[in-house]
Structure formats: C-alpha cells, structure tokens
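My entries follow in the order in which I checked them.

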Amino acid sequence: QVQLVESGGGLVQPGGSLRLSCAASGFSFSSSAMSWYRQAPGKQRESVAAITVGGSTNYADSVKGRFTISRDNAKNTVYLQMNSLKPEDTAVYYCRTVLVISYWGQGTQVTVSS
C-alpha cells in the first residue's frame, strides 16, 4: 500500500534551518509528482512546494528563496530544505502525492520560536 512517512521536524530558532524528508513506498516514486503542504493551528492546509517527475519545482510566494524541494529517486525520498525560518513557518508539514486520489503522510511538526 502507499505510504508516505515524514521526518526531520523539530524546534528551531528564527533564522535557523531544518531539512524535512518524506520516505515513499508502495508506488512508482520516480513516476510521481510530489509536494509539501503545511497546516498551522486554526488555518487551512496550504501548498508549500511541489516537484514534478522531471524535477521542475514551484513554491508558495511566502517561502520562495528560503525553501528548496528536491527528490532522490534512488532513495524514494523527497526533501524540503528550509532556511531562514520564521515564526510564521510554524506548522505541521505534510508530503503528498496524487495517484488518482491523494495520499498524505502523517505530518511532522515544525516549530520556529526563540
């Protein structure tokens, strides 16, 4: 079955960095677009970054220039490198793929606070 398992979240000070990972299994990862979403308390889930099969990327305006999405097809893993973190980046981060229907991971908490 399709599984997406996020890791790498934690508590970081403003200006710090984190790298999130999403390990995928149960489907053809190299043939699937992948994306990262986040949901802050009391807010709707929002798209953060996406990467196509060919490696093209796009980002939410709020993270452009600070976050980088990448993929390693040999490891069936998608990454989100987050630099210059701000308190407003605090959220649960989820990875997602769409295979007729959407599949989501369980999420990983990122807290940016001094």
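Entry, ring cluster. I find Y37, Y94 and W104 linked into a cluster by ring pairs. I work on a predicted model, where local features need pLDDT of at least 70, side-chain atom pairs count only at pLDDT 80 or more, and totals for chains, interfaces and linings use all residues. Residues are numbered from 1 along each chain as its sequence is written, and side-chain values use heavy atoms, with hydrogens and water left out.

Entry, pairing rule. I took rings of Phe, Tyr and Trp (its six-membered ring) as paired if their centres lie within 6.5 Å; planes under 30 degrees apart count as stacked, over 60 as edge-to-face and the rest as tilted. By this rule I count three aromatic pairs.

Entry, F27 and F29. The ring centres of F27 and F29 are 6.4 Å apart and the planes stand at 55 degrees, so I list the pair as tilted. For accessibility I used relative accessible area (buried under 20%, exposed over 50%, partly exposed in between; 1.4 Å probe, protein chains only). F27 is buried at 15%, and F29 is buried at 2%.

Entry, Y37 and W104. I noted an edge-to-face pair between Y37 and W104, with 4.9 Å from centre to centre and 70 degrees between the planes. Which strands does this pair link? Y37 lies in strand β4 (residues 34-39) and W104 in strand β10 (residues 101-104), so-called distant parts of the chain, 67 residues apart. Strands here are DSSP runs (E, at least two residues), numbered from the N terminus. Y37 is buried, with a relative accessible area of 16%, whereas W104 is partly exposed at 34%.

Entry, charges over rings. I required NZ of Lys or CZ of Arg within 6 Å of the ring centre and within 35 degrees of the ring normal. The charged end of R45 sits over the ring of Y94, 3.8 Å from the ring centre. The ring of F29 has the charged end of R71 over it, 4.6 Å from the centre.

Entry, disulfide. How many disulfides are there? With the cut-off for a pair of cysteine sulfur atoms set within 2.5 Å, I count one disulfide. C22 and C95 form it, with their sulfur atoms 1.9 Å apart. The torsion about the S-S bond of C22 and C95 is about 45 degrees, so I record the disulfide as right-handed. The pair links distant parts of the chain, C22 in strand β3 (residues 18-25) and C95 in strand β9 (residues 91-99), 73 residues apart. I find both C22 and C95 buried.

Key
Helix = DSSP H or I, 4+ residues; strand = E, 2+ residues; numbered from the N terminus.
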